[in-house]
Amino acid sequence: MALEFSSKKETFPHYRKFETELAGRPFIVETGKMCGLSNGSCMISYGDTRVLCNVTMSEKPREGVDFFPLSVDFEEKLYAVGRIPGSFMRREGRPGEKAILTSRVVDRPIRPLFPKDMRNDVSVVMTVMSVDQDCSPEIAGMIGTSIAISISDIPWKGPIAGVYMGLVDNELVVNPTEAQREKSDLQLTVAASMEKIVMIEAGANEVDERTMLNAIKAAHVEIKKMIEFINSIVAEIGKPKKEFQSMELDHDLFEAVKAEFLDDFKAAMDTDDKNVRDMRLLPIRDRISEKYGEEWGEATVEEIMYKMQKFVVRRWLLDEGKRVDGRGINEIRPLAAEVGLLPRVHGSGMFTRGQTQVLTTCTLSSLRDAQIMDDLSTEETKRYIHHYNFPPYSVGEARAPRSPGRREIGHGALAERALLPMIPSTEEFPYALRLVSEVLSSNGSTSQASICGSTLALMDAGVPIKEPVAGISCGLITEGERWMTMLDIQGVEDFHGDMDFKVGGTKNGITAIQMDIKVDGLTYEIIEEAFEKCRKGRLYILNEIMLPVIPAPRAELSKYAPKMLSLKIDVDKIKDVIGKGGKVIQEICANCNCKIDVEEDGSVFISAINQEDGERALHTIKTIVEDPEIGAIYKGRVTRLMTFGAFVEIAPGKEGLVHISKLDTKRVEKVEDVVAVGDELLVKVTEIDQQGRINLSRKDALADLAAKQGK
């Protein structure tokens, strides 16, 4: 009996396609075909870039947590750029630095728009499946995430959208192409709702505050167009939002605690010492736990402690203009800067701001130690690296250290971005540089202290940076239409405030921005005020604290740092320098105690701890690639003895004859009486015949040396 199969239903009945343009390039959203079990899903096509965006939410809230459990992941698939992963397993492993930074950039604008009392797990996954370098997958992922959440049944106050801004030849460019990005003085990512700015992330080549604000405003114009497009999609296919179980603290309970314990909290928190404040709060917590813990649970007690501290901090700031540590609104904590703390490292600097303290070290090495990149970008290596470590003891916690998390990677990248425009080019300073910031004590703004510490360490190491860089942060408290900003926020103000606006820069302009907020966005007025406060703050730090300690980079490198020499050779000569199987270059490295890197364009970089070793290697390479000049003196090695003279190698592969009559200033009966195979001789080029054969003279070299010493 024959079997018959048939399908009467349409395969993708809910498939929809929506099209618009972003920065003059087609932007397409497809839904209803893939990932049908997600709460919200869409495939974004931007040029030839393809990013699949999915969002899911758990049915029930997570028990025992006092935060909204949101996870955001940007997955880079190397097949998207036609490459096989370089790992041993040849598959993607843990996310790379760029993927983590992109996840953070998407997390920050969407997180504040979820209900604060929701405890259901929400997961966002952006999978990059194809990359067109002219059409940013990061921007496609951010907009796709906003669309996926907006059309889903997950409660959210979006949508948002984002764009990338460049500054090319003093002209602002929306979503610049790869070629434009290479020439751009600005790398600015802005996310916004229809009304407010919700995220700013920037690297810049000393861009002034006015230009930066204009770039943010220009970005917002484009973002509003995209939000209108998203709203039209939601109107057509958006799902009704789900109800969720609110985990908000019981209002009557909070009011009861406030009535009984408010004065105790105020007395405990009125100090500039984090340790003292924490110690004062412990007995208050015990009393609240004793009274309410059995009925409400310890998780509720912890939430009460958080809410009460937040209430006190915000009321003091908004109603009295009072800060926890007694400072003025625009007053910076006590500052200190030091350099040269660690004798054997190549450079070190420590920056202290109140109870925040960061020690940064600078290590110099040859370009072969540049970081190899294995991500979706076209960048193959990175010679300037900044790492940030946040050990448990920095906040007084008794636990074992762990590997760097997303926060550590993000803070390290921010400090790296702030200093990168000031790092000299490879031609000016042919080194790979690694900066490591160790947070020794943390009470807010450690990333900005890392920027200051990095500048000190670089200058202490003798790196000729173009300008010193400093960083500082500005905070925000809002209530309805009321708002106020304060300079140099400490940990408790960051924890209970609404914004951490971090700006790094030089005396000339901004080099990096990172904005974290907990509200639904910022107005231009708030951003402009934050820019101005940070500008004045960083100029004070530079002029009054850092430059008096070390006014300029040291004139000489540490004696423990490698000395770098470089030259450019004809690409046809590269094979002569390297030799068959690397024999020549290995011999030079062994004889001169150095490291040598040869680039494809003929650039040669020599690294040696001893300057003389490096110069010997440089001279040897020059001898290989350049034809010997008559009259030039070389230090060579005897390779063969003949009855009529000795053959001397003046460079790998280049050999000349020293006739017996030219071996010494006196008469020589036998060659063996003067030299042996392996001896090093000082020789002078006296003749190069038509066949390229080189005649050498030790006699003339010794005479020249004696004459020079006689003078």
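**Group meeting: an overview of the predicted structure**

Good morning. Of the 711 residues of this protein, 52% count as buried, meaning under 20% relative accessible area with a 1.4 Å probe and protein chains only, where exposed is over 50% and partly exposed lies in between. The model is predicted, so local features need pLDDT of at least 70 and side-chain atom pairs count only at pLDDT 80 or more, while totals for chains, interfaces and linings use all residues. Residues are numbered from 1 along each chain as its sequence is written, and side-chain values use heavy atoms, leaving out hydrogens and water.

The protein has 15 helices and 29 strands; these are DSSP runs, helices being H or I of at least four residues and strands E of at least two, numbered from the N terminus.

Five strands make up an open sheet with mixed pairing, in the order β11-β12-β13-β17-β16; two strands pair if DSSP finds at least two bridges between them. At the edges stand β11 (335–339) and β16 (384–389), each with a single partner strand, so one side of each has no neighbour in the sheet. Within the sheet, β13 (residues 356–365) and β17 (residues 432–441) pair in the antiparallel sense over nine bridges, and T360 stands opposite S437 in β17.
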